[in-house]
Every structure is written in structure tokens, then in C-alpha cells.
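Please view the sequence and the model below before reading on.

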Amino acid sequence: MISPTRWIERGWEDLRANPLPGLVHGLALALFGWLLLWLAADRFWLLAGAFSGFLIVAPVLATGLYHISRERAAGRKAGLRDVVALWRSFDGRLVRFGVLLGLAGTGWVMASAGLITLWSTTPILKPVDFFRHVVLVKEVGLFEAWLVLGSLLAAPVFASSVVAIPMLIDKSVPVSMAVNASWRAVADHPGPLVWWAVLIAMLVGLGMVTALVGLVVVIPLIAHASWHAYRDLTGIPSPASAH
């Protein structure tokens, strides 16, 4: 059954069953987010670029948690040592995919900056300027156009990665094959995957508005759930079932 809420439930079960690896990932990413805030708090476009890249590349950084979920499905328990071993293998496919996602984030920031610079009559230099002159203005136009542009640019990134990243962990396939499988899954199940994208955005937003503290739990929850999304969308049985 293709059910994003069920993926969240299964991800929560994985996190509860083996919390340490997930919470370490979540804490590390939250700490990195706080570092970005500290370094670029008064430089809006630098902060926007850093956070966009951070959020887009985060699924690659959490690949160790897909391995945790896969091992649990097979009846085995993996820990931080296994995650470190996975990263030490230095899979070039994940590195290339991460670079591509980082470039996509850079493209979004440049397009966003261009839109706001050309449209806004007030210079946007700091985060408070963005909220005051873009988000909180009464006139309809710039903020709505900014949201539409972000959605149009985020959609192909999501469609390219929703299945591809866990597949690269699970199978020895080239990046192009994983991305094709991801697009096929989106084409076959557009409704559930739109809802899945909305759920991810809501959870990340919740993590952000809690001064990034919520990301400690949100990041591993989404990562574990993404493994179950991959399995359901591709019809691949669990390792235990295959055995």
C-alpha cells in the first residue's frame, strides 16, 4: 500500500527501535544549522544559499540511516560503527549525486535572488528585510511568485531523489538508473508522492521553527521513512522476505 503516513509510522518504529544512530545524525545536522546561523545571520543571501544547500544535500548525508532501516528489516541490528563503515567506503555515486544536489541548491538561490532583486523596490540584505518587505507585505505578488518559483525548482529535485538515494545504498546501480527509477515512481504514484513532499516540508518546517531543535528528531524520522517509501514505491521486498 502506497501510504506516506504509513512510511512515517514505520520510520518512527525504526527510530524507536534503534535511536542512537538517528539522533546522532539529527544532532550533527542541527549543530551544523546553528553554525550556519551564527556565521551568516546578517547576510541574507549567504544564509539562504547555505540553508538551501544544507536542506537539499541532507538526504545524502543521512544515507547511513537507510542502511539502519534495511538491516532492521532483515532482522539485524546495525549501529554507528556500520554507518561509519558505509561512509568510509566513499561511494563515488553518492558523492556525485550530492554534488548535483548542491548545484541544484545553488541554482535555486541564484534564481530566487534574481527574482527578488528585479521585483522588490527595497534592497533585501538581511533576513529581517526579507520578512518585512517580501513575506509580510499586504500586496499579493512577490512572495507568491517566490513560492511558485521554489516549487517549480524543487519538484524535479524531489522527483530525482525520492527513490534514487536509498536505491544507491541498496543496489550497485549507476546514478542514471536510480534517477530514472525515481522519476518512474513519481509518474506511477503522483498523488501519494505530492502528499509525501508536503509531509516532508511540514516536518522540516516544524524542525526549523523550533530553533532547529526539532531537526534532531525530524531528520532521522524522514530518513527512516524514506527507506520504507523506496521499498513500497519500487516493490522491492524486505531482505528478510527475499531470504
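How many nonpolar, polar and charged residues does the lining of the second largest pocket have? In this predicted model, that lining has five nonpolar, five polar and one charged residues. Among the residues that line the second largest pocket are Trp119, His133, Glu139 and Leu142. Ser120, Thr121, Thr122, Val134, Val137, Val140 and Gly141 also belong to the lining of this pocket.

The aromatic residues form a second topic. Across the whole structure, a search finds six aromatic pairs. Two of them are set out here.

| Aromatic pair | Centre to centre | Angle between the planes | Arrangement |
|---|---|---|---|
| Trp7 and Trp196 | 5.4 Å | 85 degrees | edge-to-face |
| Phe130 and Trp146 | 5.1 Å | 65 degrees | edge-to-face |

Because Trp7 lies in helix 1 (residues 4-17) and Trp196 in helix 11 (residues 190-209), their pair ties together parts that are 189 residues apart in sequence. Trp7 is buried, with a relative accessible area of 0%. Trp196 is likewise buried, and its relative accessible area is 1%.

The pair of Phe130 and Trp146 also links distant parts of the chain. Phe130 belongs to helix 7 (residues 127-135) and Trp146 to helix 8 (residues 142-161), and the two residues are 16 residues apart. Both Phe130 and Trp146 are buried. Together with Trp108, Phe131 and Phe143, Phe130 and Trp146 form one aromatic cluster.

Definitions and conventions
Residues are numbered from 1 along each chain as its sequence is written. This is a predicted model: local features need pLDDT of at least 70, side-chain atom pairs count only at pLDDT 80 or more; totals for chains, interfaces and linings use all residues. Side-chain values use heavy atoms; hydrogens and water are left out. Rings of Phe, Tyr and Trp (its six-membered ring) pair if their centres lie within 6.5 Å; planes under 30 degrees apart count as stacked, over 60 as edge-to-face and the rest as tilted. Helices (H or I, at least four residues) and strands (E, at least two) are DSSP runs, numbered from the N terminus. Buried means under 20% relative accessible area, exposed over 50%, partly exposed in between (1.4 Å probe, protein chains only). On a 1 Å grid over the protein atoms alone, a cavity is a set of points where a 1.4 Å probe fits but cannot get out, and a pocket is an open set with protein on both sides within 12 Å along at least five of seven lines; lining residues have an atom within 4 Å of a point. Ala, Val, Leu, Ile, Met, Phe, Trp, Tyr, Cys and Pro count as nonpolar, Asp, Glu, Lys and Arg as charged, and the others, Gly among them, as polar.
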